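Subject: Handover of a structural model

Dear colleague,

Please find the structure below, followed by an account of what was found in it.

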Protein chains: 2
Amino acid sequence: MNTTKLSTADVRREAVVASAVTMFAGSGYLGTSVAAIAEHAGISQAYVFKLFPSKELLFVTTLEHCFDLVLAALERGAAASPDQSPDAMLYAMGGAYAELIGDRSLLMLQVHAQSAASVPEIGAALRKGLRATTLLAKSRSNACDEAVQRFIAYGQLCHLIVVTGLDHNPPDWASLITAGIRHP
Amino acid sequence: MNTTKLSTADVRREAVVASAVTMFAGSGYLGTSVAAIAEHAGISQAYVFKLFPSKELLFVTTLEHCFDLVLAALERGAAASPDQSPDAMLYAMGGAYAELIGDRSLLMLQVHAQSAASVPEIGAALRKGLRATTLLAKSRSNACDEAVQRFIAYGQLCHLIVVTGLDHNPPDWASLITAGIRHP
DNA sequence: CATGTGAGTGACTATACACTCACCATCTGT
DNA sequence: ACAGATGGTGAGTGTATAGTCACTCACATG
């Protein structure tokens, strides 16, 4: 039961998380109703509460899934780097991240999670994801601390650019902060 | 009437905005009820709706006020810089910003605004504030575009650090991204 | 005194939402 | 054939919340 085959309930749970990524990314933690997620997943709202004990835990699970995907993308990027130098590794990881967040959902989810971080469980999940991301960037790239810090900072800048819509039809002044940033 | 004296309604409006900064910063746009803001300001909820036509516009007004304070702080920092070189100017402005957001309210308000940016009016206010901040940093420092971009990116990193609570009793790994960052 | 005006409120409405519960349906092992 | 586990739902409940409205009170002015 714990080896290869998932029960249908676990399959459902994954489908609900997939819907939750989309819906939470669109409207945030408080702005998204469980009913909307259930409808998107094609099941009743009551069944969502059978699969997850609370909206809060559904959000946390969704956020953890988001970070799993981010970590996998960084890993992929690192593996595909043409060159083992720290700068090249970080550049490759950045490119893989930019590609991953192409549909904005995973990015928006992180933005909304930051806004909901005062909910203890959500804040803890955010810290855990940031920790894993940072440490992976450090260990795979072998870059100095300053370069890793820069990597994270420019990731946040990328979030800001997308949130403000500066990547779509950017005004003239926007090139000041969007120049060189790889965004979707 | 338009010169020096404010009517009591305008005074009230300012008091409500001050309360709104605190309350919205604490619980976000959707997480804060107008009743809570009214109570904090010591007036009835009905009167808040006489002073502001909607919760949305109250939030936008509050956010604009936040950016006014940010711009004033940057201006102050620039004016106090011991040295006119671009690097020194940006450093001084960064220090003034770090000091301004010492109580976290103005920082958290920006984070929550990013999460609520899909509301058109809020997104527009955010873009406007970012534009003004970026252009001010550029024009006062005379720094190159890359340095201004870096200035904004590290500002966002600062937000992330505060949101995740990494500035209070930081775990060991946190120094990777908090090193050198001036936060409250 | 009469009258008008701006400040301020209590009580209400309509709705939306997280969460619950009693219940049905379908499969599975014996 | 049947007992029980597992998948799934319709119909609620209680509460919170944005926004409204009819109203009161203080005060200024003619």
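How far apart do the end C-alpha atoms of residues 10-70 of chain A lie, and what share of the span is helix? The distance is 22 Å, with 87% of the span in helix and 0% in strand. Helices (H or I, at least four residues) and strands (E, at least two) are DSSP runs, numbered from the N terminus. UniProt, in an unreviewed entry, lists residues 10-70 of chain A as "domain: HTH tetR-type". UniProt positions follow the numbering used here, feature names are shortened, and annotations may be inferred rather than shown by experiment.

This is a predicted model, in which local features need pLDDT of at least 70 and side-chain atom pairs count only at pLDDT 80 or more, while totals for chains, interfaces and linings use all residues. Residues are numbered from 1 along each chain as its sequence is written, chains are lettered from A and ligands numbered from 1 in the order in which they are written, and side-chain values use heavy atoms, with hydrogens and water left out.

Chain A as a whole

Chain A has nine helices and zero strands. Its C-alpha trace spans about 50 × 45 × 25 Å along the principal axes. Of the 184 residues of chain A, 51% count as buried (under 20% relative accessible area, with exposed over 50% and partly exposed in between; 1.4 Å probe, protein chains only). Among contacts (heavy atoms within 4.5 Å) in chain A between residues at least 6 apart in sequence, 64% join residues at least 24 apart.

The end C-alpha atoms of residues 33-52 lie 14 Å apart, and the span is 75% helix and 0% strand.

Around DNA strand C there are 17 residues, of which Q45(A), K55(A), S44(B), A46(B) and K50(B) come nearest; a residue is near the strand if one of its heavy atoms lies within 4 Å of it. The residues of this surface divide into seven nonpolar, six polar and four charged. Helix 3 (45-51) of chain A, helix 1 (8-31) of chain B and helix 3 (45-51) of chain B each supply at least two residues. The largest share, four residues, comes from helix 3 of chain A. Of the atoms of DNA strand C within 4 Å of the protein, 54% belong to sugar or phosphate and the rest to bases.

Among the polar contacts (pairs of N or O atoms within 3.5 Å), an N or O atom in the side chain of Q45(A) is 2.6 Å from a base nitrogen of DNA strand C. Polar backbone atoms also take part: that of S44(B) is 2.7 Å from a phosphate oxygen, and that of A9(B) is 3.5 Å from a phosphate oxygen.

Two loop residues of chain A

R104(A), in the loop between helix 5 (86-100) and helix 6 (105-115), has a phi near 70°, a positive value in a residue other than glycine. R104(A) counts as partly exposed because its relative accessibility is 21%. N169(A), in the loop between helix 8 (145-163) and helix 9 (175-178), has a positive phi near 25° and is likewise a residue other than glycine. At 69% relative accessibility, N169(A) counts as exposed.

Yours sincerely

Key:
Polar contact = N/O pair within 3.5 Å; in protein donor to acceptor, adjacent residues only side chain to side chain. Nonpolar A, V, L, I, M, F, W, Y, C, P; charged D, E, K, R; others polar.
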